[in-house]
Amino acid sequence: MIGFLVRRLLTTVLVLIGVSILVFLIMQLVPGDPVRTMLGQAATAERVTEVRHQLGLDRPLIVQYLDWALGVPRGDLGQSLTLSQPVSSILFPKLGNTMILAGGSLLICLVIGVPLGMVAARRQYTVVDRGSMFVALGGASVPVYWAGLVIINIFALKLGWFPTSGMHDTRNPGGFEDVLVHLVLPSIAAAVVPTAVVARMARGSMVEALHADHVQMLRASGVPERLVIWKHTLRNILPPVVNIVGLQAGYLLGGVIFVEVVFNWPGLGGQLYTSITAGDMPMIQAGVLFIALVFVVVNLVTDIAVALLDPRTRKEA
Amino acid sequence: MVLSGRRFRQLFAVVIALALLAACGGPSASSGASGPPRSGGTLAIGIESEVDVLDPQRAGGWVSWRVNRQMFEPLVDEDLTKPSAETAVPALRPGLATSWELSPDGTVYTFHIRPNVKFHDGTPLDAAAVEFNVRRMWDKSFQYYDAKAAGQTTFVWQQLKSIATPDPMTIQLTMKQAFEPFVRLLSQGGSGSTGIMSPASIKQYGNDNVGEHPVGTGPFKFVDRVRGQRITLARNDDYWGTKPYLDKVVFRPLPDPSSRVASLRANEVDMIAVPPPDSVASLQQSGFQVSEGAPPHVWFLSFNFTDPIMKNKLVRQAINLAIDRQGMATNLLKDTVKPAYDVQAPANAAYVANTEAYGYNPDKAKQLLAQAGYPNGFSTTMMTSVDGSGQIIPVPMAEYIQQNLAKVGIQIQLQTTEWISYLTKWAQGTPTGVGWAQQSWGMTTPYWLYIVTSSSLKAPNGPNVGGYSNPQLDQVMQQAITATTEAAAVEKWKEANRIVTDDAAIAPIVNDKAPYILSSKVHGFVSASEEWYDLNTVWLS
């Protein structure tokens, strides 16, 4: 297990370095000068050159990259070009907000998706099964942006139960409760697709497990159904379900960007978009690095969880 | 059985109950009643994008100046209490200078600083504070010189030769030559501004951090900023002028247009900027107010003078006549804009309506094309952005032009780019093969024409992106700039407009009306002829 962890961590570091170089190079290919954008239409060439020099953008690319990359291990993610503030002071709060939204969605996804799939499997080919899987298929096919607009229209505008967007009340921003009220609709919107996917996956695994030889044997031996499900089936479906939930967690971090736009949730996605449109290189670098890091960590945690749940994968690792 | 049907229903019931409980804190609707202005309340404004830094000298974009302007004031200001319908060009009024004089030769400006004004941090305003600010934007040898602030305000300070403070409340700015546009330029914002900041705050936080702790003299002072969520300002009870009615103002960035409309309908904000054109009528029917003005906002095309076809004046004139400006304003943009009939906007003292040159006349356009040697038209490319500050809806507008020009035989291909890349490309100068590049811009000072057409500012050195060069125009504009009275300058600027129009160097297309949608409880909001507004007169019922 230790060797497995060390190997995975090393890969993680390599992946992150690769990602940062790739992002850096891609941004160099994109036409557009952040200083031009900063100074607007009226900028003269002379002034642009002056500010470029001040920001160090006239140095060789390799120097710019190394300067940034060597700061990262020290926790220095650089300064935002346009905001003149440390990248971390802008990005960390935004990352936190994205995590809150992704966490809320993941919770909905687990609380609804897994039981829904299990109930459907337990009642295979009944109306319950076909009905819930039909809804799940629909959910998996819905564009997030559209779902968000429909949800806002019904629950915020027509019924007035929840605010339309944002994370806090505009006039009197409150604390935890205020955030919770604002979290409900965006997390539902972000959860639609993952919930549907997890439900279908849970159903499939459950159906397979219920048809396994040992389950037939247990039933034939007169073991109570409750024990069959709880003790002998549940554990078998957990590894694939944990796997898919891990994948969905990664998807959520990417997918909530659309939800952040519709619900004006002040997360990483919106910030990254703003930074990309301003060509703010240090912000883009750090933002992408964060997302890659979270993705890799979630995958790692998933793999460890699966290894703990399923001794067979542990031996392979 | 893991979850029986009953348990499952119970679970759902709990989830719904929690959701309902949470909803109790949701918004509620309120209605307005008019009467005498009332003090108090918080005005929440849904703005179209995140604000740049709260450092008025550094900040780019109108959105940022709309916020910064409530906290910072220049020496000379524009009176924004009169709507465009009453006053086409906002009058200049004393800001942090109570009065000013110009030497007979037009080179020395003497400003008398307003006495007994304090910055929000309690430090006094005096000539030394003003000098500190000017040097920050202009004097490379100054300890607090800021290249970003200098880059934004280049055109304001380009003629400044020296600064003197003959007494603690007087500042003298000496120009290299007479520079008539100077006073009006002091009142401008959007590309930086000359809003005066507390020198103590700059010394304390440094040039890079002072934007996080903005300290000015304006009617509102800074409370907090949570990026992506809000900027909160509170009334400055020690304000030297008329104190605002509002206790607080919250600017909330809502970049998604449908979110903006939804937030307004749900009473989460009291007013929104840049409503989607299609939503204006239905919002009005629902009881919301529409406030429109005539800001100096020109959506225009700069013809490419390095292109062999575009060099032909008849071709440029034909294009101007082939574009149905009124049709675009009414059919495409639902009258949220007005057709533009001059290179300057109506919010500019030098405005001269010229429907002869810019009216819709496709038959004459065809004749001109035939005269120019293109009886069957030609093909070219139009450069435009897909989005960006003040760009309205550039791609559908470009497509409208494409259809108009096809009717006279000119086939155009659209080259669309997102804003940051576009701005860089645009500033490099229009490449050969591209007929013209689109932009939206404008100022209340006629000097704007110099910025976009002067041969000394040809791209990539300056914003004359079409590379237009006309010695006669340069001479007239020079006379306008060095005039010693405003009246004389305006006459020269009008002459300059006529030269640019006769030469068809630029095709103005529409002037934005910059509509705002307000809830019925908002009173006293004025859409003056500027890209920004004051909130001193606004009150809530």
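Among contacts in chain A between residues at least 6 apart in sequence, 73% join residues at least 24 apart; two residues are in contact if their C-beta atoms, placed from the backbone, lie within 7 Å. This is a predicted model, in which local features need pLDDT of at least 70 and side-chain atom pairs count only at pLDDT 80 or more, while totals for chains, interfaces and linings use all residues. Residues are numbered from 1 along each chain as its sequence is written, with chains lettered from A and ligands numbered from 1 in the order in which they are written.

**View 1. Chain A is built with 13 helices and zero strands.** Helices (H or I, at least four residues) and strands (E, at least two) are DSSP runs, numbered from the N terminus. The C-alpha atoms of chain A fill a box of roughly 85 × 55 × 35 Å along the principal axes. Of its 317 residues, 42% count as buried (20 or more other C-beta atoms within 10 Å of the residue's own, all placed from the backbone).

**View 2. Helices α5 (residues 87-122) and α6 (residues 127-141) of chain A pack at about 145°.** Their axes are 7 Å apart; axes are lines fitted to C-alpha atoms, for helices over the stretch in contact, and angles run from 0 to 180 degrees between N-to-C directions. Here you can find Leu116(A), Val119(A) and Ala120(A) of α5(A) meeting Val128(A), Asp129(A), Ser132(A) and Met133(A) of α6(A). By class, that makes five nonpolar, one polar and one charged residues (Ala, Val, Leu, Ile, Met, Phe, Trp, Tyr, Cys and Pro count as nonpolar, Asp, Glu, Lys and Arg as charged, and the others, Gly among them, as polar).

**View 3. Chain A touches chain B through 61 residues, which are in contact with 57 residues of chain B.** Elements giving two or more residues to the chain A side include α2 (34-39), α3 (45-55), α8 (176-210) and α10 (225-262) of chain A. This side of chain A divides into 30 nonpolar, 20 polar and eleven charged residues.

**View 4. Six strands of chain B form an open sheet in the order β14-β18-β13-β17-β15-β16, with mixed pairing.** Two strands pair if DSSP finds at least two bridges between them. At the edges, β14 (337-339) and β16 (411-417) of chain B each pair on one side only. The twist averages 25° from one strand to the next.

**View 5. Strands β13 (residues 298-303) and β17 (residues 434-441) of chain B pair in the antiparallel sense over six bridges.** Look for Trp299(B), which stands opposite Ser440(B) in β17(B).

Technical notes
A residue is buried if 20 or more other C-beta atoms lie within 10 Å of its own, exposed if 12 or fewer, and partly exposed in between; C-beta atoms are placed from the backbone.
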